[in-house]
Amino acid sequence: MDSTENSKNFIEQIIDRDLADGKCETVITRFPPEPNGYLHIGHAKSILLNYGLAKKYGGKFHFRFDDTNPTKEREEFVDSIEEDVRWLGADWGDCLYFASDYFDDMYEAAVKLIKKGKAYVSDLTADEIREYRGTLTEPGKKDPYSDRSIEENLDLFERMKNGEFEDGSKVLRARIDMASSNINMRDPVIYRVAHMSHHRTGDAWCIYPMYDFAHPIEDAVEGVTHSICTLEFEDHRPLYDWVVTELGYKDGPDGIPRQIEFAKMYLTNVVTGKRYIKKLVEDGTVDGWDDPRLVSIAALRRRGYTPESIQNFVELCGISKANSSVDNAMLEYCIREDLKMKRPRMMAVLDPVKVVIDNYPEGQQEELTVENNLENPELGSRTVPFSREIYIERDDFMEEPPKKYFRMFPGNEVRLMNAYFVKCTGCEKDENGNITLIHCTYDPDSRGGNSPDGRKVKGTIHWVSAAHAKQVTVRLYENIVDEEKGVYNEDGSLNLNPNSLTVLKNCMVEPSLAAVKPGESFQFVRQGFFVADTKDSREGEPVFNRIVALKSSFRLPS
């Protein structure tokens, strides 16, 4: 095996062998979400893996909704999933499909199995089926209805389709092996009665196929060669192979289509379960499936994450057969790395206190040239207004500072970023002792932040001109669960972090930030990366979400 072969993941090695052995000529992969909720970061791995493989091998990528369960499926979820897949950069071309496209094929496939003596109608209830199924250590018992004739089964199944029976009163089971060591092969249910309206087919059907029956048929009909899924489906693979083999789509388990399993991506201290997120939405704890505190793809997009950052994250996680957990800090590392050279560094004061430069001429203002990103000169520069009154961060001033505090305090000289040296001369307070105004003087010869006599200052602080500043709302996010106490309480409920959202309504930013469009992102000097919210921003009134702070202790393993 050469070094190129060694560098490929195990799925790529399987595909290489299948191509070499002539099992397929064109690689066709698929992403098959059920439209019963919003996709999360774990789905991104599957999307990018399947699309990436199709692209790498010059094949096709199929995007298919497995809409076989109308109980929980909605058009809202279909639309959101389409948007997520498109945003991540996966191009399905004209290969958009729905499982419901194949309901006729699936019905005929079930009839074929009945005629072969491989399926039968059962009157057992769901509880009875579980009881007859046996356990991991005990074989199952024969279904008392399994001896029905082929003619009787065909008649009952047609009457099931025609709506003659109530929900739960009858099911169609595959006839495989009730003594199988694999519990999934013990005559699994492949059709059930469900008088429910479907979001695409309406009331045309009152029986619906089970996923384990529908999915292999969909793959086979579409010509999918490699059906890549997560490890929990490994025990279902024999059933997948049984379905496509018995229906004549392939001769045996080694044929095409073939199912391949890989490990899911687990993030530490995050909530991905649809049941939990649904409750958070319904309780009003979050403002929707796209709340930036969640890790749904829609939430990450609204938070300001980029497709490139998620692609890099998935690549760093790798593809394996072993389950493992990934620190959420690595996801934050990826967005930080992606944005730091691409976004301008703007000045925003989140907790403002006013500074008056007493010796600066009243009524005067000037335009200062500021580099947009010192690490990337290609982003150019901009002009920022400066005037006698400015805002600085409240924690950039202390009346009685500790040692090694190099920011503003009485008698100390600091640099206003890209502007002037200023020396603090004192401050004013309200009756509660809170600082309300700071007084300074400036050195007019230090324009640009450099002194002509070569004197040094140790502190540099950012600012915005009070006369020109735009007041905006800023949202600061923390993990929605308390990381120190764990994600779940003893009763299984979420251990919510009461400080997961902080809303600051009196932030002052450079005037140019008032005109940004929803979705535009920036680095706020010393504060982190921020994005104009796509949901709540209005023209001239942006709301900024913090994407991620500037620093983290996370480091990639060497």
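Which residues gather in a patch of negative charge on the surface? They are Asp327, Glu478, Glu483 and Glu484. The legends below cover this patch and several other close-up views.

The structure is a predicted model, in which local features need pLDDT of at least 70 and side-chain atom pairs count only at pLDDT 80 or more, while totals for chains, interfaces and linings use all residues. Residues are numbered from 1 along each chain as its sequence is written, and side-chain values use heavy atoms, with hydrogens and water left out.

**View 1. Negative surface patch with Asp327, Glu478, Glu483 and Glu484.** Patches are made of residues with over 30% relative accessible area and no salt bridge, with like charges joined within 9 Å and nonpolar side chains (Val, Leu, Ile, Met, Phe, Trp, Tyr) within 5 Å. Asp and Glu count as negative and Lys and Arg as positive, while His and the chain ends are not counted. The place of a charge is taken as NZ of Lys, CZ of Arg, CG of Asp or CD of Glu. Accessible areas come from the Shrake-Rupley method with a 1.4 Å probe, and for residues only the protein chains shown count as cover. Glutamate 483 sits in the loop between β23 (470–477) and β24 (501–509); helices (H or I, at least four residues) and strands (E, at least two) are DSSP runs, numbered from the N terminus. With a relative accessible area of 46%, glutamate 483 is partly exposed; buried means under 20%, exposed over 50%, and partly exposed in between (1.4 Å probe, protein chains only).

**View 2. Aromatic pair of phenylalanine 63 and phenylalanine 65.** The whole structure holds 24 aromatic pairs. In this one the ring centres are 4.9 Å apart and the planes stand at 45°, so the pair is tilted. Rings of Phe, Tyr and Trp (its six-membered ring) pair if their centres lie within 6.5 Å; planes under 30 degrees apart count as stacked, over 60 as edge-to-face and the rest as tilted. Phenylalanine 63 and phenylalanine 65 are both buried.

**View 3. Edge-to-face pair of tyrosine 360 and phenylalanine 386.** The two rings lie 5.4 Å centre to centre, with 75° between the planes. This pair links distant parts of the chain, 26 residues apart: tyrosine 360 is in the loop between β14 (352–357) and β15 (365–371), and phenylalanine 386 is in strand β16 (residues 381–387). Tyrosine 360 counts as buried at 1% relative accessibility, and phenylalanine 386 counts as buried at 0%.

**View 4. Aromatic cluster including Phe103 and Trp205.** Ring pairs link Phe103, Tyr107, Phe157, Tyr191, Trp205, Tyr208 and Phe213.

**View 5. Salt bridge of aspartate 143 and arginine 173.** Side chains of opposite charge can pair when their charged atoms come close. A salt bridge is a side-chain nitrogen of Lys or Arg within 4 Å of a carboxyl oxygen of Asp or Glu, and a search of the whole structure finds 53 of them. Here the N to O distance is 2.7 Å. The pair links distant parts of the chain, 30 residues apart, with aspartate 143 in the loop between α6 (126–133) and α7 (150–161) and arginine 173 in strand β5 (residues 171–174). Both aspartate 143 and arginine 173 are buried.

**View 6. Salt bridge of lysine 342 and aspartate 338.** The closest N and O atoms are 2.7 Å apart. Lysine 342 is partly exposed at 38% relative accessibility, whereas aspartate 338 is buried, with a relative accessible area of 13%. Elsewhere, salt bridges that share partners join Asp287, Asp290, Arg302, Arg475, Asp533, Lys535 and Asp536 into one network.

**View 7. Backbone geometry at proline 257, lysine 404 and arginine 526.** Most residues other than glycine have a negative phi, and most peptide bonds are trans. A cis peptide bond, with omega about 5°, joins isoleucine 256 and proline 257; proline 257 lies in the loop between α9 (237–246) and β9 (258–262). Lysine 404 is not a glycine but has a positive phi of about 65°. Lysine 404 is in the loop between β17 (389–393) and β18 (413–416) and is exposed, with a relative accessible area of 75%. Arginine 526, also not a glycine, has a positive phi of about 70°. Arginine 526 lies in the loop between β25 (521–524) and β26 (528–532) and counts as partly exposed at 37% relative accessibility.
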